[in-house]
Amino acid sequence: MMDWLRDHPEVKTIRVAASDLNGVARGKRVPARFADKLLTEGTKFPFSVLNMDIWGEDVEDSPLVWQSGDPDGLLLPTERGFMPMPWLDAPTGLLPLWMFHPDGQPYDGDPRQALARVAERYAAAGLTPVVATELEFFLVDDSGGQLRVPPSPRSGKRRTGAETLSLRALDAFDRFFTALYDACEAMDIPADTAISEAAPGQFEINLMHQPDLLKAADDTWLFKMLIKGLARNFGFAGSFMAKPYHLYNGSGMHMHFSVLDAEGANIFDDGTDTGSRKLRDAVGGCLAAMPGSTLLFAPHENSYDRLVPNAHAPTGIGWAYENRTAAIRIPSSGPKARRIEHRVAGGDVNPYLSIAAVLGAALNGIEDQADCPPPFEGNAYDKGLAQLPGSWAEAIDAFEASPEIRRIFPAHLIENYVMTKRQELHYMADLSDEETVELYLDMV
């Protein structure tokens, strides 16, 4: 890892950072000349730092704080190593971390460690998930009293209409996207296709499929950090808030995945257009876990503004072939590319927890040969399907009570997450709509 610093002598400072339960990067600024110590000894944060609420406050009555004396955990570099932070003015290196106990055991309250547990379950079964994420986000002018589409850096003009798959909309922000793709290449984030989406100033970028689910989640977490940082260089916000505009669709983070066996064959492929029994087992597992995992796919108060009928976001618990009204869609593809698209998560998720929830549920289904209802046809909103939890409070209760969630996540993380979300639920009640937007626009 020191090779990167030796190859970049212009880098004088580094950031070390880990993801908290909300996906917020928590860390430190360190002079680059002390990097050797970081790599050999790590650094320390209190365990409670990965369990703060969305404001960065301690969770009241958390056993991680006063009851235990707020002890330190050990932060060690992930396998990712150093990378640049292209949105900062000064050349800077970022070193992603994850948390362990002082004796070297993984810390159960770390969301990346939770995903690593799921990866270990797949490896023990001789299986490898292949994962891709699609991230929708808004470019927003938040300099005035109301959110607006930013003026184009090229023309200076402001277009307020939705422009789905519009080259003009992409070209209007060509300078931003050119800088973004250059930054993704420098950070080894496999950014693929970009499109304009259905709401003003809304775009989507796909990250490429890859058989390393920890890297896929890292890429997603880093990409969100990059978008938010880089957009400010252009004078506007880059936001993954689930629904910043009441009158337009919100932003999702769709996840595609297939599963390979030990010989590298796709277990969802049986040579037919419908896919294998194991595909249906995985779908059944995802559907069974969906009520309990909704809190991870919709973790904030604003998330539930997105999950409404006829807004290109699912509300019913069902699946279908080539149908974007479904919570789980099986896209058209050649048999060897047979895969599942999970469409519930918003752009505001912690990708480590969201990906762990999807893949853990799918593996539950594969292990159990889960019952899978038949796919539906037509408009999911008209099918009388069982519904996702309709509110934040309902989702918190469902998460806490879910047996499927207890199979995927350690009890310590579940307890921490419930306490965090109940504290946020309590204090969000005091915020106006304007304060809610101000909180979420950059934070999530």
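This is a predicted model: local features need pLDDT of at least 70, side-chain atom pairs count only at pLDDT 80 or more; totals for chains, interfaces and linings use all residues.

Colleague: Which value of phi does His-312 have, and is His-312 buried or exposed?

Modeller: The phi of His-312 is positive, at about 60°, and this residue is not a glycine either. His-312 sits in the loop between helix H8 (303-306) and strand S12 (319-321). With a relative accessible area of 59%, His-312 is exposed.

Colleague: Let us turn to helix packing. At what angle do helices H10 and H12 pack?

Modeller: One reads the angle together with the distance between the axes. Helix H10 (residues 392-401) and helix H12 (residues 411-428) pack at about 165°, and their axes are 10 Å apart. Angles over 145 degrees count as roughly antiparallel, and H10 and H12 are therefore roughly antiparallel to each other. Their crossing is left-handed.

Colleague: Which residues of H10 and H12 meet?

Modeller: On the H10 side the contact is made by Trp-392, Ala-393, Ile-396, Asp-397, Phe-399 and Glu-400. On the H12 side, the residues include Ile-414, Tyr-417, Val-418, Lys-421 and Leu-425. The residues of this contact divide into 9 nonpolar, no polar and 5 charged.

Colleague: Which residues line the contact of H7 with H9?

Modeller: H7 contributes, among others, Lys-278, Ala-282, Gly-285, Ala-289 and Ser-293. They meet residues of H9 including Ser-354, Ala-357, Val-358, Ala-361 and Gly-365. Here the contact residues divide into 11 nonpolar, 4 polar and 2 charged.

Colleague: How many salt bridges does the model contain?

Modeller: A side-chain nitrogen of Lys or Arg must lie within 4 Å of a carboxyl oxygen of Asp or Glu; by this rule the count comes to 24 salt bridges. One of them joins Arg-121 and Glu-367, whose closest N and O atoms are 3.0 Å apart. Arg-121 lies in helix H3 (residues 111-124) and Glu-367 in helix H9 (residues 351-368), so the pair ties together parts that are 246 residues apart in sequence. Glu-367 counts as partly exposed, at 45% relative accessibility.

Colleague: Where do Asp-141 and Arg-158 lie?

Modeller: Their side chains meet in a salt bridge with an N to O distance of 2.9 Å. Both Asp-141 and Arg-158 lie in the loop between strand S7 (128-140) and helix H4 (167-172), so this pair ties together parts 17 residues apart in sequence. Asp-141 counts as buried, at 8% relative accessibility, whereas Arg-158 is partly exposed, at 31%.

Colleague: Which parts of the chain does the pair of Arg-232 and Asp-442 link?

Modeller: The salt bridge between Arg-232 and Asp-442 has an N to O distance of 2.8 Å. The pair links helix H6 (residues 213-233), which holds Arg-232, to helix H13 (residues 433-443), which holds Asp-442; the two residues are 210 residues apart. Arg-232 counts as partly exposed at 34% relative accessibility, and Asp-442 is partly exposed at 34%. Salt bridges may also join into a network, as they do for Glu-322, Arg-324, Arg-329, Glu-341 and Arg-343.

Colleague: Which residues of H13 are buried, and what covers them?

Modeller: The buried residues of H13 are Thr-436, Leu-439, Tyr-440 and Leu-441. Their cover includes S7, strand S10 (237-239), H10 and H12.

Colleague: Finally, which residues does Arg-117 contact beyond its neighbours within four places in sequence?

Modeller: Arg-117, which lies in helix H3, is in contact with Asp-108, Ile-408, Phe-409 and Pro-410 when those neighbours are left aside. With a relative accessible area of 35%, Arg-117 is partly exposed.

Technical notes. Residues are numbered from 1 along each chain as its sequence is written. Side-chain values use heavy atoms; hydrogens and water are left out. Axes are lines fitted to C-alpha atoms, for helices over the stretch in contact, and angles run from 0 to 180 degrees between N-to-C directions. Helices (H or I, at least four residues) and strands (E, at least two) are DSSP runs, numbered from the N terminus. Angles under 35 degrees count as roughly parallel, over 145 as roughly antiparallel, 65 to 115 as roughly perpendicular and the rest as oblique. A crossing is left-handed if the near helix is turned anticlockwise from the far one by less than a right angle, and right-handed if clockwise. Contact means heavy atoms within 4.5 Å. Ala, Val, Leu, Ile, Met, Phe, Trp, Tyr, Cys and Pro count as nonpolar, Asp, Glu, Lys and Arg as charged, and the others, Gly among them, as polar. Buried means under 20% relative accessible area, exposed over 50%, partly exposed in between (1.4 Å probe, protein chains only).
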